[in-house]
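Subject: Structure handover

Hello,

Here is the structure I said I would pass on. My notes on it follow below.

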Amino acid sequence: MNKKSATNKLPSAQGFTLKNRISKNELDIFKKAINKQWLKRIKDTSPQIADEVIKKKITIENYHKISFRLKHQEIWKKSQRILPKDFVNWFLKSEFANSLKIKYGEFSISDEDNLGWPNIYWRLVRPKESTDIGPLHRDSWFWELNKHFPKPGYNFTRLKVWIPIFTEQGSNGLLIEPYSHKRKDIEWYGELRHGIKKPTLITTPDKFNLVLLNTELGDSVVFNDNLIHGGAINKGLKCRVSVEFTMLIKEK
């Protein structure tokens, strides 16, 4: 496959694809990096609880059992969930990243938080906690509202990548509306929240035909940044952990 055809091979007519898989070995590297960052943050904010986590071998999937003793919303802002530069350097040379390049073409990863390195970040969603999930949205709305987001010096197409690290099938995961990237009837507005302009839906949730993606270990979701998506309430017994980033694919 030549590079020209690769850059034009975007997700299916539904606006997303589950056909890009990540190996168990590379998934384990993600897990270790996330756990390291998670535990360090707890150590920095509550050393006593961190000691308990280590002693009792509490994993991130069971974080909800101790989260009530921490200032959850305060300590887990997005800036604290962006993986470090050394991890990103590894990832860009990984088999999974290379498979994305072969399929979609040369890309960089966006740096919306203007850290100076690509933003690959993770989410932590506790069981039955509605405040842990994001509302329905299109990623393109954030780019429309925030013109200051750093951009590469070339024309590009945006695609979002979502990787489940720990999910319980049928109980938690990513909500999407297939084909919604083509809809012209969705109303929304932007407002300043937490120092960034964010979109708010006017169209009510009952106007969407939402599907909870049935992802398995090693799956990833690549989707059009106009696709309507959001987090699902976690109906599982453990925390949902996932990773995401935005590819800026160089156009030919």
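**Helix α2**

At 1.5 Å a residue, the 22 residues of α2 should span 32 Å, and the C-alpha atoms at its ends are 32 Å apart, which agrees. Please bear in mind that this is a predicted model.

Which residues of α2 are buried? They are Glu-26, Leu-27, Phe-30, Ala-33, Ile-34, Gln-37, Trp-38, Arg-41 and Ile-42. Seen down the axis of α2, these buried residues fall within an arc of 165°, so they line one face of the helix. On the other side of α2, the exposed residues are Lys-24, Asn-25, Lys-32, Lys-36 and Lys-40.

In soluble globular proteins, nonpolar side chains tend to be buried together. Here the largest nonpolar core has 41 residues, and those that touch the most other members are Phe-30, Tyr-63, Ile-163 and Met-247. Two or more residues of this core come from each of α2 (24–45), α3 (47–55), α6 (85–91), α7 (95–104), β2 (107–109), β3 (121–125), β4 (156–166) and β11 (240–250). With 6 residues, α2 gives the most to this core.

What does Phe-30 touch, leaving out residues up to four places away in sequence? Its contacts are Ile-22, Leu-83, Phe-87, Trp-90, Phe-91, Ile-120, Ile-163, Ile-165 and Val-243.

**Helix α7**

In α7, the buried residues are Phe-96, Ala-97, Leu-100, Lys-103 and Tyr-104. They cover an arc of only 125° around the axis, which puts them on the same side of α7. Glu-95 and Ile-102 are exposed, on the face of α7 turned away from its buried side. After α7 comes Gly-105, with a positive phi near 105°.

Most residues other than glycine have a negative phi.

- Lys-57 sits in the loop between α3 and α4 (64–67). Is Lys-57 buried or exposed? Lys-57 has a relative accessible area of 72%, so it is exposed, the cut-off being over 50%.
- Asn-114 counts as exposed because its relative accessibility is 59%.

**The chain as a whole**

How many helices and strands does the protein chain have? Its secondary structure comes to 8 helices and 11 strands. A compact globule of 252 residues would have a radius of gyration near 18 Å, and the protein chain agrees with this, at 18 Å. Taken along the principal axes, the box filled by its C-alpha atoms is roughly 55 × 40 × 35 Å.

Of the 252 residues, 49% count as buried. The accessible surface of the protein chain is about 13200 Å², and 51% of this belongs to carbon and sulfur atoms. Among contacts between residues at least 6 apart in sequence, 82% join residues at least 24 apart.

If you want one place to begin, look at Phe-30: this residue is buried in α2 and is one of those that touch the most other members of the largest core.

Regards

Definitions and conventions. Residues numbered from 1 in each chain as written. Predicted model: local features only at pLDDT ≥ 70, side-chain atom pairs only at ≥ 80, totals over all residues. Heavy atoms only, no water. Core = buried A, V, L, I, M, F, W, Y, C linked by side-chain atoms within 4.5 Å. Buried < 20%, exposed > 50% of the residue type's maximum accessible area, 1.4 Å probe, protein only. Helix = DSSP H or I, 4+ residues; strand = E, 2+ residues; numbered from the N terminus. Contact = heavy atoms within 4.5 Å. Expected span 1.5 Å × (residues − 1). Arc of directions from axis to C-beta. Rg over C-alpha atoms; globule rule 2.2 N^0.38 Å. Areas by Shrake-Rupley, 256 points an atom, 1.4 Å probe, with all protein chains shown as cover.
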